[in-house]
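Subject: Structure handover

Hello,

Here is the structure I promised to pass on. Please open it alongside this message, and my notes follow below.

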Amino acid sequence: MLGLDKKDTTLLIIVALLTLLAPFLLNPFPSDSAMAQFNAGYPDLMQRFVIFGIFAVGFNILFGLTGYLSFGHAAFLGIGSYSAVWMFKLFSYNVIPAIALSVIMAGLFSLLIGFISLRRSGIYFSILTLAFAQMSFALAYSVLSNPKFNLTNGETGLQVYADDPQMFHRDGLPDLPHLFGLSMRSTYTLDMGAWSFDFNAGYYLCAVIMMIVFYLAIRIFRSPFGMMLRAVKSNQQRMNYTGLNSRPYTLAAFVISGMYAGLAGGLMAAMDPLAGAERMQWTASGEVVLMTILGGTGTLIGPVLGAGFIKYFENIFSKINDSVLHGWFAFLPDGMEDFVVAVLHPFVGKGWHLTLGILFMLVVIFLPGGLVEGGTRLRNWFRGKRSGADDKPSGKTEPAE
Amino acid sequence: MGILEVKDVGKRFGGLQALSNVNLSVKENSVHAIIGPNGAGKSTLLNCLVGKLIPDSGSVMFDGQSVLGRAPFEINQMGISRVFQTPEIFGDLTVMENMLIPIFAMRDGAFRMHAYETVANEREVIEQAEQMLEEMNMADKRHMHSAALSRGDKRRLEIGMCLSQKPRLLLLDEPTAGMARADTNNTIDLLKQISEERDITIAIIEHDMHVVFSLANRITVLAQGTPLVEDDPQNIRGNPKVREAYLGESA
Amino acid sequence: MDAILLQILNGLDKGSAYALIALGLTLIFGTLGVVNFAHGALFMIGAFCAVTLQRILNLSFESVDESQTDFLGNPLKVKTPYVEAWFGPEAGAVIIDWSVPLAVLFAIPIMLFVGYAMERGLIKFFYKRPHADQILVTFGLAIVLQEVIKYFFGANPIQTPPPEALRGSLDLGVMVGFDPNAIIYPIWRLVYFVFATVIIGGVFAFLQFTTFGMVVRAGMADRETVGLLGINIDRRFTIMFGIAAAVAGLAGVMYGPLNPPNYHMGMDFLVLSFVVVVVGGMGSLPGAVLAGFLLGILESFASTTWATTTIPGINQIIIYLVAIIILLTRPRGLMGRKGVMED
Amino acid sequence: FTNEPTGGTVTLGFNVPQTGPYADEGNDELLAQQLAVEHLNGEGDGGCLNTFTSKALKGNGILGKKVTFVTGDTQTKSDAARASAKSMIEKDGAIMINGGSSSGVAVAVQGLCQEAGIIFMAGLTHANDTTGKDRKKNGFRHFFNAYMSGAALAPVLAKEMGADRRAYHLTADYNWGWTQEESIVASTEALGWETVNTVKTPLASTDFSSYIAPVLNSGADVLVLNHYGGNMVNSLTNAIQFGLLDKVANGKDFKIVVPLYSELMAAGAGENIKGVLGSMNYNWQLENEGSKAFVKSFGEKYGKPPSNSAQTCYAQVLLYADAVERAGSFNPCAVVEALEGFEFDGLGNGKTLYRAEDHQCFKDVLVVRGAQNPTNAYDTLEIVEITPVDQVTYPPDHPMFGGAEATLGECNEGA
Amino acid sequence: MNVKPDFSKNANAAQTAPAFLSVWDMHSYYGESYIVQGISFNVHEGEILALLGRNGAGKTSTLRSIARTGSPEVRSGEIWLDHQPLHKMTSHEAAAVGLGLVPEDRRIIPGLTVEENLQLAQIAPPIGWSLERIYDLFPRLGERRKQEGITLSGGEQQMLSIARALARDIKVLLLDEPYEGLAPVIVDEIEKTLIHIKEQGMTTIIVEQNAVRALELADRAVILDTGGIVFDGTASEVLENEELRSEYLAI
Ligand SMILES: Nc1ncnc2c1ncn2[C@@H]1O[C@H](COP(=O)(O)OP(=O)(O)OP(=O)(O)O)[C@@H](O)[C@H]1O
Ligand SMILES: Nc1ncnc2c1ncn2[C@@H]1O[C@H](COP(=O)(O)OP(=O)(O)OP(=O)(O)O)[C@@H](O)[C@H]1O
Ligand SMILES: [Mg+2]
Ligand SMILES: [Mg+2]
């Protein structure tokens, strides 16, 4: 289907089902139960899952395939966001032109930065991209937000103000980002007994876009271009002596992943019309690196899983405070309850970083291929198919999936 | 005029004159062997031909065009392919993919953005690769990760990759080193066959005299960076200077 | 003239800090090839060794002083440190006063142990893993170390003042004939500079005049072959890691009096120290030190009013700008070795 | 309207930094907010409910509904803070968001709450913009601002240091720093001071030596540190290291001023703050009834006195609850109406007005000084002067606050 | 074919251990690929054993298993060297006991000069040949001692690799295709050296594609095919056995 082989089609269908049904899947607990704290099916977080999923999938096209580790991709995310908000400020709240501009601007910037940075490889490349991103961050945070020439509005973030021109804004259109009148904030809430599910317009826009770009990513992975990118990673010298110019290949990958980042940035602004400079900081670039590795570098679905994992912790675990804990363990005798709460206390709420750090370590120690590897192992385990000594002497034949 | 004309090439590494005044002319459709003691500068000379090194002096012309100053991929696109002394293959890729890449490079040039096509649909390219694998006796290994090949197999794969590009000039740096006798013989046959059937010129560096004498029409002996003699195989074998400097008694 | 001298001096101590941190990092990252995102955390732990020692020395017993009250109006509890009780108030006070220099001795075994435990318990399994995995695991470790420190010491900075005798500043300008107040320089910054020089010299000497450095370099390039030559490379890697941790830790201990330690100080230095190491060139100790001082001095110059008015914001981007220029003009940084982390 | 409480409970959202450099600050805010919830629900000793001049609150929750709360981590980043606020609104049904510890975050979350139709009460935010050019109808600020700091400090500075001083400013290079610098420069120059230089320092700086070093030689005799948090702790520590306070310049003793103080900064700066002047929104040593009740309640529960941001967050929870009671509805627009122009006392700051035009609180401002001989760990700052409110009041269309163009816009009650 | 020797500590070595180096029922894997499939053979002190077979037969894997490199991983079996249980050791311990491997891909350490590559071999005891003695045997290395090892020509690297093994005082020398890439004169040189050190009591296993050459040198031969032993006997037996020669050695 769609030019994909059977395995990839299955993957795509699974991803499509997961994203479309996310409002159900992410809200498995009745909304008044103690476990409701773990529900993630509210619009903002669902949007974040797919947006960062897009970001990570794009990043993986560069890092997973060519092995070039960029530490500055957050700059493109930021540029995407700023472009979109400027589009809102100058023209209209319609998200389509805003997202288009995000992608284009991110593409242009990544072309420039990539062209320069790709003159080096390995760690030298990483540090070049990092330096560019940090410069962008510093400029956006203060220099470009001085009162005379305010492009970014500094620490507060670029916002739409009532006195902005918004040339094509008409009355009757929502005063928030919208798709031809359909506000990104509009949410239909379905109550089913104790459960409640949110269907949000913005989320579904993101989800559809994510499916499209995920499909594109599969195509790229399976294309001759994708194979060339893997060849770059494997042996650039051989590639050059085979008559291929590796530079345009890496640059193309860089620009494509930059455009994915810009798309993610544009979508972020479309969901919430504010563009903050922290989006460009090295920690943000580092986050997408972590997402990709955590999920499984060079795999198709891994980065999406990694993105979901990190965002889940950031948004769900950070909100579990002592009173929530007491709520959960109220059934225990008093002494026990306090003890359990005291034991869990350092790991949740303000300690969510600690849990995340520990999980990073556990995943990378026990699942060298990231979360995808965990999935594969589970599957093998269920199928009861333990790979045994009867294997013929042969190398790994599975291409990266 | 040969297809490859090397004139007065010199190359220095720090205090070491690795090549000096090398003149070499390789005739079209011939098999030209370059032999010589270890460290004579044979690999260095090849490096100067493919753009890995830039000679300090002299000129290198391929088919009437200078190759100096061109990037390696451009030189390859002109029709020169090279097999390295230590196998250079795409270790993370499968044998089949290794074979596809040079064919793509030959068909599409140095860069083409095939981002929306699918490898599996490139029937023609795949067929050519299959055929080459057959010829190299490696069809049964097509799904192996090439890093896991034994070394002889790696070398065969690399030769296959170069041949699949149908180059006009094929540079071989000790192609049969580490190859089993049987495969060496096969490779000799294969090289013979293609040099006869196709318009391929071969320049080969080899220490295995069996290979050299079965293939070469012409031999240059390099010693200490300069050509010692250039002659037909039978004359080289008897040349006392060559015997002393290189062949020893066992020739 | 004096302004230039002033900024060079300022750059020197900033540079000493960069150079020391980068020195430790380059031992792990440039030499052992492990992308160690936990290096900043080692620096931070060093600083907290000083905090801990200070707390230990200040361990006190309480007595109630009826004449004073606390903020809730209850009688005030007065604390007397045990050291003052044991060694007499004066000697005790001196010991407490000198807690930072004492912490250097205290930190050495601790940092060696931390380095040892980290290498044996974790990093050892990651030498052969892709750099990406190393990043993830060391980043995780860095977070964990940070959070543990935060759990015990809070997020707020904690002062670790230098000893009384080494506080305040010298008027260096007067000594060389400038006007008074033209070049003043804090004493502890001089101490830090001298300390950095000694440590850097020591590490250089150790790696230069013994075969240790060569073996470790060889081991990094090809562990297997070195093993085949009968060398137990694992042990040497562990030692190297211990040294690197100790260097980072000591840099942290001595840094405390300059700027009070807090739990995220490591992260603040992390990116910068990677930049310094890479600009210096992978695998080159002198390169890392040189780059540390160079960037420190340039940063100081860029923060002069003259520089910031000429190019607005230059002080924010100078390090990255210089890094880009150096990396584009010199492919392997200032003194990098070929083939180290280039793929 | 958005998140109308339906059951027997009402949910408030407490959005504070729990990770990053301001985690301790956030923790203090959180403690205070929890205390406020207890008091609203009639638990504990009732704290300021007993001293509050408005008697609408009865200790039975808000409008009879039990108060519950959810917490989130702003990470002191606009993005994260908005994400966290959104999750409280979308997932937990919070009807009001309270807290925070930076102006950037405050403005960002205030904008969000305006769009979502939720009441926002900022925590520690000192930049003029929060209730200046970025003011919003749904947002309120109890904390004071940079202008007020300048206005309160100036007379004290004149008294202590004389009218003939030359000031050198180091300013954190972002929005809050600029507004504070602008405010202090304006008010000190009005005194007759001269501004020698204003230098912007990158927010990410950890070491300020290269900015401090040229100060002495610049002809200045006062150093103003427009820094907050870790920046301030380090720049002050550096300044002391360079021995600035031991020097004499222009024949006068060199002085340092830190316009915005907080207890945690004071603790972090340790002995270095001795004698250094600054201003605060509140201090636990204030002797009024409300303050005493609050300190007692907080101190007994947590074993330490409250910080000024804790007091702000505490007061705001009570103020919000009280406004709902008085309005008789949770509808944000009704709450806005109830809060606008509201005058009250008994929450610790003395008499206070919520000005209708910009939703800024007007109350006395404290000028404080680093204590010379602190008797305990919390006694780091001493109150020098309680500047009366009139002295710090400014017109709502003051140019530093967006001028005439700044508007609150329309109240948004959301869905 | 073989009887499992008894190497228990207190047994009388002279009677119970017939061999100096003994491999017993060794099984090795690369990950899940089963490569060395249960092989056993003995080498006596002072003997040269030729290990022969086609590409991919498992020769290199066998040598690497004995040298305890960890890849391939020996999952079962025993390896004894002079009453020491190698199978319980890591590679550096095995090296300390007296094992020296000359790997097929030479493994010159990048970043180190020729001399440093040699010094590296003399860091851990026991120390063997002095640098002078090595430079006497390979004057080329002496000339290039300050050059970075990996910039040597292919043949020079091979010399360095062999020299590095001799720089340690070893009891057993494992040579993986030592003649590869060497000029015929040098091959003669090295062959003479091997005979020379054999006379001094060195035990050697040599893997070589040039089977005739290896067999002329060796006392005994073992032929491998797909991870198993198909022949174990004297060298002359192989040379006389037409079937073996054509089936496995193509000579
Ligand atoms: N990058 C370099 N730096 C210094 N010397 C070099 C470099 N590359 C090669 N050499 C030296 O140049 C000489 C010629 O080397 P080259 O590799 O061309 O020899 P060769 O003829 O191919 O020998 P072999 O048959 O052993 O492969 C050698 O002595 C080698 O040590
Ligand atoms: N790293 C590896 N991972 C998986 N399989 C491997 C690996 N290295 C070698 N093999 C496989 O093990 C088998 C034996 O390889 P080995 O290198 O031992 O052969 P060899 O006899 O030395 O061959 P050659 O003469 O070509 O060097 C081959 O089938 C090869 O494909
Ligand atoms: Mg060669
Ligand atoms: Mg082999």
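UniProt, in an unreviewed entry, lists six stretches of chain C under "transmembrane region": residues 15-35, 91-114, 190-216, 237-258, 270-298 and 310-328. Bear in mind that the model is a predicted one. I looked at two of these stretches in it. Residues 190-216 of chain C are 93% helix and 0% strand. The C-alpha atoms at the ends of that stretch are 33 Å apart. Residues 237-258 of chain C are 86% helix, again with 0% strand. Here the end C-alpha atoms are 32 Å apart.

Thr60(E) sits in helix α2 (residues 59-66) of chain E, while Glu104(E) sits in the loop between β6 (99-102) and α4 (114-121) of chain E, so the pair links parts that are 44 residues apart in sequence. Are these two residues, Thr60(E) and Glu104(E), buried or exposed? Both are buried.

Chain B has two open sheets to look at.

Start with the sheet of four strands. Its order is β2-β1-β4-β5 (chain B), and the pairing is antiparallel. The edges are β2 (16-26) and β5 (65-66) of chain B; each has a single partner strand, so one side of each has no neighbour in the sheet. Inside, β1 (residues 4-13) and β4 (residues 57-62) of chain B pair in the antiparallel sense over five bridges. Val6(B) has Val60(B) in β4(B) as its bridge partner. Helix α1 (residues 42-50) of chain B lies across β1, β2 and β4 of chain B. This helix runs at about 65° to β2(B).

The other sheet has six strands, in the order β6-β7-β8-β3-β9-β10 (chain B), with mixed pairing. Its edge strands are β6 (80-83) and β10 (226-231) of chain B, and each pairs on one side only. On average, neighbouring strands of this sheet are turned by 15° against each other, direction ignored. Helix α5 (residues 151-164) of chain B packs on the sheet and touches β6 and β7 (169-173) of chain B. The direction of α5 makes about 175° with that of β6(B). Within the sheet, β3 (residues 31-35) and β8 (residues 201-205) of chain B pair in the parallel sense over four bridges. There, His32(B) stands opposite Ala203(B) in β8(B).

Best wishes

Terms used. Residues numbered from 1 in each chain as written. Chains lettered and ligands numbered in written order. Predicted model: local features only at pLDDT ≥ 70, side-chain atom pairs only at ≥ 80, totals over all residues. Heavy atoms only, no water. Pairing = 2+ DSSP bridges. Axes fitted to C-alpha atoms, helices over the stretch in contact; angles between N-to-C directions. Contact = heavy atoms within 4.5 Å. Buried < 20%, exposed > 50% of the residue type's maximum accessible area, 1.4 Å probe, protein only. UniProt positions renumbered as here; feature names shortened; annotations may be inferred.
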